[in-house]
Amino acid sequence: MASVIPQPVSLIEHAAEGFTLTPESQLLATGEVAAAVAALLADWLRAETGFALPLIHTGAGTGTDEQAVEAGPHDIVLAVTGGSAASYANMEWPETESYSLTTDAAGARLNAAHPAGLFAAAQTLRQLVPAAGTTGTEPTVMPVTPRIVPCVTINDSPRFAYRGAMLDVARHFFPVADVERFIDAIAMLKINHLHLHLSDDQGWRIQIQSWPLLTEMGSVSETGDGAGGFYSKADYARLVAYAAERFVTIVPEIDVPGHTNAALASYAELSEDGVLREPYRGIEVGFSSLAIDKDSSYRFVDEVIRELASMTPGPYIHLGGDESLTLTQEQFVRFINRATAVAAASGKTLVGWHEMGQADALPTGTIGQYWGLSKDHAKVGPQIRSFVEQGGRVIMSPAEHSYLDMHYPDETRLGQAWAGSISLAASYEWDPATLVEGIAESQLLGVEAPVWTETLETLSDVEFMVFPRLACVAEVAWSPASGDRRFDEIAPRLASFCARLDRLGINFHRSPELAMSSTSVASA
Ligand code: TNX
């Protein structure tokens, strides 16, 4: 059975003989851009199989080491048909991320018009390759056993352009290697944006040359007694590049005017009373604010966002705006109108949490991120619709479905509970286009699953909360709309995805909803 998450638009499984990956298989890539994706695919498959899997450049590309090679029946052929870097730049979404994939007794063929689509195809093929020596049902322990991929024809294309995960590196800091590992894991699910929550009360995590004390003083704390930390410019550049190779766009967030204790513990001039704050190591929210009537606050926003923008090739910068509980609405709106105008001078499209929609002079096109609860729709609906009225679109992160820091129903050691517990079914059975009145398909940029880390100290903790629920959210974000998604539809595929996570050493919650014993996890 061909088991892929997110479910492709069209996956036809034929009764015919499948594709056999053998120790002699090769990867044949047409052109340089296909070769870069093929190199990643080769790495993944080598790690899983131990096969040599040489990569050969072939055909009409620009590489110098091209060879004329006939593909054999056990080879994987990857091609990008779109042409040049210039034509990629003009290509429209969703063509950029669409692909086709066929596997049969004559080989495996991956085709896309754009390298991002080829990367998606490679992730799909990776999921189709079974574990060592299995034919889907019978485990053996012969590592060099050929892997039989079912005979399939897949044509696929995403529903939403923005499919995100958010990692809170402020409450607990995660070093570059952890974030890289996280990027690899989320990219398996065709997640293509990583939102990094880079500042909060507990810590400031990104080097800013024009405000050096932010990291000198503001980065040394985190929730609990850890040492905190920050990304140097070189670290951040490394993360951006690592993500880009995996077709993931980094969306950096500097949260203002609230969630700013770490900045106020670095520069006294940023607070209303001019008093330097102490580092904060708790988990309360809403108690801090930039001084909204001091010019220094807007110079801060201007210089920090400009510098961040110059380090960030992606189109978005997130400016937070959530939970400014010390300000009146009038003060908050005044701050947001002025701060977003200042930040928009960076040239980036701004993103804000739904509260930001209370402001009436947002830069045209500002994106709103909805994180509400269903019981609050009456209050939050107007705030999120306000982004649309001001020319922007919406990212859906409904807390009851996509907040991956919430407890599992059966496991409460990690996580929080303010949005309830989130079962695997709850992370799957929802539709972003019907959740909030007045926000329909065409107003949506996409879907994002945030992971707040007040209770999550290690990457293993993060993985436990994220997997497998992110797989459910990723399918909501990629696969075609389905009026009434039923958990049953994804449950068996989720079990085999979890078996893959297990082989990769990625932590996940062995939820009773997976309806599997530990032996079926081991062999799926
Ligand atoms: C709310 S969601 C927050 C975060 C917390 C989170 C904990 C949002 C925009 N703000 O500051 O970390 O709840 O679940």
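**Aromatic pairs**

This is a predicted model, and it holds 15 aromatic pairs. Select Phe-119 and Phe-247 to begin. Their ring centres are 5.2 Å apart and their planes stand at 45°, so the pair is tilted; stacked would need under 30 degrees and edge-to-face over 60. Now colour by chain position. Phe-119 sits in helix α3, residues 115-128. Phe-247 sits in the loop between α6 (233-245) and β14 (249-256). The two are 128 residues apart, and the pair links distant parts of the chain.

Buried or partly exposed: how do the two partners compare with the solvent probe? Phe-119 counts as buried, because its relative accessibility is 5% and the limit for buried is under 20%. Phe-247 has 26% and therefore counts as partly exposed.

Tyr-408 belongs to the loop between α11 (399-402) and α12 (424-428). Phe-464 belongs to helix α13, residues 459-466. Tyr-408 is buried, at a relative accessible area of 1%. Phe-464 also counts as buried, at 15%.

For a group of rings, select Trp-353, Trp-371, Tyr-403, Trp-418 and Trp-452. Ring pairs link these residues into a cluster.

**Arginines over rings**

Pick Arg-246 and Tyr-242. Arg-246 lies over the face of the Tyr-242 ring, 3.6 Å from the ring centre. Then pick Arg-338 and Tyr-298. Arg-338 takes up a position over the face of Tyr-298, at 3.8 Å from the ring centre.

**The ligand**

Which residues come nearest? There are 14 residues around the ligand, and Arg-171, Tyr-403, Asp-405, Trp-418 and Glu-454 come nearest.

- Arg-171: an N or O atom of the side chain is 2.7 Å from an oxygen atom of the ligand.
- Asp-405: a polar side-chain atom is 2.7 Å from an oxygen atom of the ligand.
- Trp-418: a polar side-chain atom is 2.7 Å from an oxygen atom of the ligand.

Taken alone, the ligand exposes 360 Å², and the protein buries 98% of that. Colour the shell by residue class: seven residues are nonpolar, two are polar and five are charged.

**Backbone stops**

Switch to a backbone view and select Trp-93 and Pro-94. A cis peptide bond joins them, with omega about 10°. Pro-94 is placed in the loop between α2 (85-90) and β6 (99-104).

Move on to Val-256 and Pro-257. They too are joined by a cis peptide bond, with omega about -5°. Pro-257 is in the loop between β14 and α7 (261-264), while Val-256 is in strand β14. Val-256 is buried, with a relative accessible area of 2%.

Return to Phe-247, a partner in the tilted pair. Its phi is positive, about 60°, although Phe-247 is not a glycine. Glu-323 is another non-glycine residue with a positive phi, near 50°. Find Glu-323 in the loop between β15 (316-320) and α9 (329-344).

**Last stop**

Select Tyr-231, in the loop between α5 (213-216) and α6. Why does Tyr-231 count as buried? Its relative accessibility is 0%, and buried means under 20%. The line spans 12 Å, for residues that are 77 residues apart along the chain.

Methods
Residues are numbered from 1 along each chain as its sequence is written. This is a predicted model: local features need pLDDT of at least 70, side-chain atom pairs count only at pLDDT 80 or more; totals for chains, interfaces and linings use all residues. Side-chain values use heavy atoms; hydrogens and water are left out. Rings of Phe, Tyr and Trp (its six-membered ring) pair if their centres lie within 6.5 Å; planes under 30 degrees apart count as stacked, over 60 as edge-to-face and the rest as tilted. Helices (H or I, at least four residues) and strands (E, at least two) are DSSP runs, numbered from the N terminus. Buried means under 20% relative accessible area, exposed over 50%, partly exposed in between (1.4 Å probe, protein chains only). A charge sits over a ring if NZ of Lys or CZ of Arg is within 6 Å of the ring centre and within 35 degrees of the ring normal. A residue is near a molecule or strand if one of its heavy atoms lies within 4 Å of it. A polar contact is a pair of N or O atoms within 3.5 Å; within protein, one must be able to donate a hydrogen and the other to accept it, and residues adjacent in sequence count only if both atoms are side-chain atoms. Accessible areas come from the Shrake-Rupley method with a 1.4 Å probe; for residues, only the protein chains shown count as cover. Ala, Val, Leu, Ile, Met, Phe, Trp, Tyr, Cys and Pro count as nonpolar, Asp, Glu, Lys and Arg as charged, and the others, Gly among them, as polar.
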